[in-house]
Amino acid sequence: MNSRVILVAIVVAAFAGAVVFGPASAQRASELQQMRQAFSERSDATLAEPYRGITSGAPERDLFPIRATGVSTEPVRLAAQALLAALTAEQRARTTYPVDDVEWRKWANQDIYIRQGVSFLDMTDAQREKAFDLIRAGLSAKGFTQTRNIMRLNYTLGELNDNNFDRYGEWPYSLTVMGEPSATEPWGWQFDGHHAVINYFVLRDQVVMTPLFAGSEPVIARTGKYAGTVVLQEEQTRGLAMLNALDAAQRKQAIVSVSKTGNNNIGEAFKDNQVLDYAGIRATALNEAQRRQLIDLVGLFVSNMREDHARVRMDEVRRHLDRTYFAWIGSPEGKVFYYRIHSPVILIEFDHQVPVGLRHLSPMPTLPNPEHVHVVIRTPNGNDYGKDLLRQHYAQHPH
């Protein structure tokens, strides 16, 4: 079964699950477990292929040298060590993996996925605070707030589905630690759950924080425990503003299709080896003001990283600005749309998705809706999960 067929099956399974499961019951809990197991088996099939990374054909080399950045990663290391010390021996055994383990690639946005590591559901309040300290250490205040709000909106989704907290809720999110937190050796951590995934690789003072997934359904809590919580609206507004900044000829280059009847994200879970050609308008066709606007739009997404690490990442993005493309699918008026920013060193996707869990809407929409948003950030050409840095490290220091 190829990856495209697997992905379709996963989406169908997730949609079917949203329709079938309502109030808790033993039978429905059993069915949910069976669906999760089937999902896991499908996803594992895609991991048999060795990792290459997202490319536009053949992978480019020498894009990600090992180098000193001058930005300390000590706070992240100390936070990871404090978390591991706070866990029980059994929890640590479930949470720790080798730095080169395939577990890095076993993340998924879907709520039905069977996750490894220690779940926030199984943590004490003190352990949860240590886990949050680790996430705070790696992310900016904006990135941490976004992550917490996604978790809260997952609780809202449970409320909107007849209080179905067997499937949805604030705490079914897991953490794993890859390698031993170190000032000199490669290591990292992964936060994994519905609509929120962070992969965080560290090599001395270098950080790679991709793949990163951020999303929600709904994106605004209008009722319930977390009424007023909002995510991903600035990313939506400023993406549309980028399109509107183009003149008619430029817009014609940028718009790949005005038809948007389904989901368009390319780089979601189990798509590590996707071949994706450049599309849309190239930054060399933009004027200076438009180029600055494009850089600022990239910065909005990158700013989820801790500020100094984000600065390093943006320097990398600027070095490849002339090979950066902006592509658009959907309504030019901004009703529902997808946009992509793609260069040799970064891939950003924003997508309005078909509803899955919005059962309170009657009838539930069958076309993409602004209440369901997915965002994916990737490092193309083999450096997701820091894998190109790890490859170079092993070449210099055989293990």
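Analyst: Happy to! Let's start with a strand pairing: the bridge partner of Val197 in β7 is Phe213. Helices (H or I, at least four residues) and strands (E, at least two) are DSSP runs, numbered from the N terminus. Please keep in mind that this is a predicted model, where local features need pLDDT of at least 70 and side-chain atom pairs count only at pLDDT 80 or more, while totals for chains, interfaces and linings use all residues. Residues are numbered from 1 along each chain as its sequence is written, and side-chain values use heavy atoms, with hydrogens and water left out.

User: Which strand do five bridges join to β7?

Analyst: That is β13, residues 369–378, and this pair also runs antiparallel. Ala214 has Val375 of β13 as its bridge partner.

User: Is β7 largely enclosed or open, and why?

Analyst: Five of the five residues of β7 are buried, so the strand is largely enclosed by the rest of the structure. Buried means under 20% relative accessible area, exposed over 50%, and partly exposed in between (1.4 Å probe, protein chains only).

User: Which way do the residues of β7 point?

Analyst: Leu212, Ala214 and Ser216 point one way, and Phe213 and Gly215 point the other way. In a regular strand, side chains alternate between the two faces of the sheet.

User: What's the volume of the largest cavity, and which residues lie nearest its centre?

Analyst: Its volume is about 340 Å³. Of the 25 residues that line it, Val207, Val208, Val312, Arg313 and Glu316 lie nearest the centre. At least two lining residues come from each of β6 (206–208), α9 (288–302) and α10 (307–319), and α10 gives the most, with five.

User: How does that lining divide into nonpolar, polar and charged?

Analyst: The largest cavity has 13 nonpolar, seven polar and five charged lining residues. Here Ala, Val, Leu, Ile, Met, Phe, Trp, Tyr, Cys and Pro count as nonpolar, Asp, Glu, Lys and Arg as charged, and the others, Gly among them, as polar.

User: And what about the second largest cavity?

Analyst: That one has a volume of about 70 Å³. Among its 13 lining residues, Gln146, Thr147, Ile198, Leu212 and Phe213 lie nearest the centre. The elements giving two or more residues to this lining are α6 (141–160), β5 (196–203) and β7 (212–216), so we meet our enclosed strand β7 again. The largest share, four residues, comes from α6. The lining has nine nonpolar, four polar and no charged residues.

User: New topic: is Glu349 buried or exposed?

Analyst: Glu349 is buried, with a relative accessible area of 0%. This residue lies in strand β12, residues 347–353.

User: What does its side chain reach?

Analyst: The side chain of Glu349 reaches the backbone nitrogen of Gly267 at 2.8 Å. Glu349 also makes a side-chain polar contact with Tyr338 (2.6 Å). A polar contact is a pair of N or O atoms within 3.5 Å; within protein, one must be able to donate a hydrogen and the other to accept it, and residues adjacent in sequence count only if both atoms are side-chain atoms.

User: Last one: where is Asn381 found, and what does it touch?

Analyst: Asn381 is found in the loop between β13 and α11, and is buried at 4% relative accessible area. Not counting residues up to four places away in sequence, Asn381 touches several residues, including Ile54, Phe64 and Pro344; contact means heavy atoms within 4.5 Å. The Asn381 side chain reaches the backbone oxygen of Pro344 at 2.9 Å.

Technical notes. On a 1 Å grid over the protein atoms alone, a cavity is a set of points where a 1.4 Å probe fits but cannot get out, and a pocket is an open set with protein on both sides within 12 Å along at least five of seven lines; lining residues have an atom within 4 Å of a point. Grid points are joined across faces, edges and corners, and a volume is the space filled by probe spheres set on the points. Two strands pair if DSSP finds at least two bridges between them.
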